[in-house]
Amino acid sequence: MRPRPAVLTALTSLAAAALAASSAVAAAPSATGPATTTVTAAAVLATDTDGDSLPDSWETNGYDANGDGVIDVDLPAMGANPKKKDLFVEMDYMSGRLASTAALDRIVQVFATAPVSNPDGSTGVNIHLDAGAARGTKYNLGGGNEVTYDADLNPSAAQTNAIKAANFATARKAVFHYMLWGDSYDGGCSSGQAFNIPNDTFIVTVGPKCWTATDDINVGTFVHELGHNIGLRHGGPDDLNRKPNYLSVMNYSFQLDGVLKADGSKYWGYSSVQPTSIYEGRPDETVGLGSLGAGYKTTWKCPDGTTRTTPGAANLPIDWNCDGDTNDTTTPADINGDKTTSTLIAQNNWANIVFGGGAVGGGSDRRAKVPASELKELTATEWAEMQQR
């Protein structure tokens with residue numbers, strides 16, 4: 001992300017704040033006076049059996065946004081289940097930018113196979129994607145709009161906020177995350193933006209201005225940016241990127257090319273294991289990523305700046321300093337290539353998902369947010385360089 005002039009930065013920060021704070025929905029009216037946020041917060045926290053920040057009453061009966069007795073968002077008709085976690089995402093899109101049906105199917109599968117337990121005894125998360133009529137009945141929940149093409153959303157937060165305000169029904173804000181399939185933003189070539197962590201709004205911008213978007217790129221970037229919305233970061237518990245032990249599409253090393261599996265396949269989701277931490281001051285080559293790396297391969301940076309990939313499973317010894325052997329236990333190695341000596345701590349993403357970011361769930365979940373200005377997103381240039389190494 002390029003540095004911005006002070007005035008533009010201030011305007012963009014205000015717009016980002018509006019994105020994070022907008023959509024506060026009306027609470028149910030009290031018996032003695034006007035609707036209050038306190039009433040909604042109490043209801044949300046008291047009745048959410050499956051912990052997805054959508055109250056049981058909404059998932060069973062539908063959501064009445066303004067308390068007038070009329071259901072505004074019919075969650076049960078859309079497939080919501082009070083005993084299984086649900087995520088709803090409305091997808092607006094510029095011409096030619098909406099992901100293919102096959103890509104959307106893959107996104108759904110990532111969440112369906114998640115190692116997340118539910119009160120009904122099942123595992124997985126039901127993600128409901130709404131593209132309107134553009135991708136058939138499977139992905140038509142009554143929203144999803146084609147919007148005017150803009151090759152550069154600039155400033156991105158203000159422009160996204162305006163498109164959202166014009167196309168996203170207010171009543172949906174407590175239920176649906178909002179996303180936009182666009183081209184580029186802020187004069188650069190970053191792959192996307194989530195504005196805050198956690199949040200309720202994100203954009204995917206791998207359009208023709210800078211990218212040749214494949215299904216892999218669309219899937220990886222959508223899952224990555226939605227990951228920020230649900231509380232995930234580039235480094236797991238921190239923002240240190242490209243950790244070899246962080247086996248997630250939240251990691252730039254795997255966002256667009258998938259997490260490498262030991263059997264040769266690729267995984268396009270969040271990490272489900274937390275391999276051993278690695279201190280770059282003396283990484284132990286003899287243990288690799290430890291036992292939790294057994295099902296995976298990984299990549300790391302060599303001192304000359306090149307990238308290497310393990311030939312086999314990552315629980316086997318790894319030549320972290322690229323000197324031709326796997327015996328070293330005290331030799332420093334900057335294996336994530338950030339020119340610092342750090343302790344690289346991984347994370348089990350699925351165990352740390354935050355449901356209810358931003359306005360989703362009625363805005364009752366007041367978690368601290370990480371400004372997205374602190375998280376530079378992967379650019380087309382960086383991706384091209386990664387492909388050449």
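Reader: Where is the place of Pro198?

Author: Happy to start there, and note that this is a predicted model, in which local features need pLDDT of at least 70, side-chain atom pairs count only at pLDDT 80 or more, and totals for chains, interfaces and linings use all residues. Residues are numbered from 1 along each chain as its sequence is written, and side-chain values use heavy atoms, with hydrogens and water left out. Strands (E, at least two residues) and helices (H or I, at least four) are DSSP runs, numbered from the N terminus. On that numbering, Pro198 sits in the loop between β6 (196-197) and β7.

Reader: What kind of peptide bond joins Ile197 and Pro198, cis or trans?

Author: The omega angle tells us: for Ile197 and Pro198 it is about -10°. The bond between Ile197 and Pro198 is cis.

Reader: Are the two faces of strand β7 covered or open?

Author: In a regular strand the side chains alternate between the two faces of the sheet. In β7 (residues 201-204), Thr201 and Ile203 are on one side, with Phe202 and Val204 on the other. These four are all buried, a word that means under 20% relative accessible area, with exposed over 50% and partly exposed in between (1.4 Å probe, protein chains only). Both faces are covered.

Reader: Which residue stands opposite Ile203 in β7?

Author: Two strands pair if DSSP finds at least two bridges between them. Strand β4 (residues 176-181) runs parallel to β7 with 4 bridges, and Tyr178 stands opposite Thr201 there. Strand β5 (residues 192-193) runs antiparallel to β7 with 2 bridges. In β7, the residue opposite Ile203 is Gln193.

Reader: What is the relative accessible area of Phe195, which has a positive phi although it is not a glycine?

Author: Phe195 lies in the loop between β5 and β6, and its phi is about 70°. Asp186, in the loop between β4 and β5, also has a positive phi, of about 50°, and is buried at 12%. Phe195 is buried too, with a relative accessible area of 5%.

Reader: How many residues apart in sequence are the parts that Cys189 and Cys210 tie together?

Author: A disulfide here is a pair of cysteine sulfur atoms within 2.5 Å, and Cys189 and Cys210 qualify with S to S 2.0 Å. Their link is left-handed, with -60° about the S-S bond. Cys189 lies in the loop between β4 and β5 and Cys210 in the loop between β7 and α6 (215-229), so the parts tied together are apart in sequence by 21 residues.

Reader: Are Cys302 and Cys322 buried or exposed?

Author: Cys302 and Cys322 form a disulfide with sulfur atoms 1.9 Å apart. Cys302 is in the loop between β11 and β12 (307-309) and Cys322 in the loop between β12 and β13 (343-344), 20 residues apart. Cys189, by contrast, is partly exposed at 27%, whereas Cys302 and Cys322 are both buried.

Reader: Which side chain of opposite charge is nearest to Glu280?

Author: Lys and Arg count as positive and Asp and Glu as negative, while His and the chain ends are not counted. Glu280, in the loop between β10 (278-279) and β11 (299-301), is buried yet has no salt bridge, meaning a side-chain nitrogen of Lys or Arg within 4 Å of a carboxyl oxygen of Asp or Glu. The nearest side chain of opposite charge is 9.6 Å away and belongs to Lys243.
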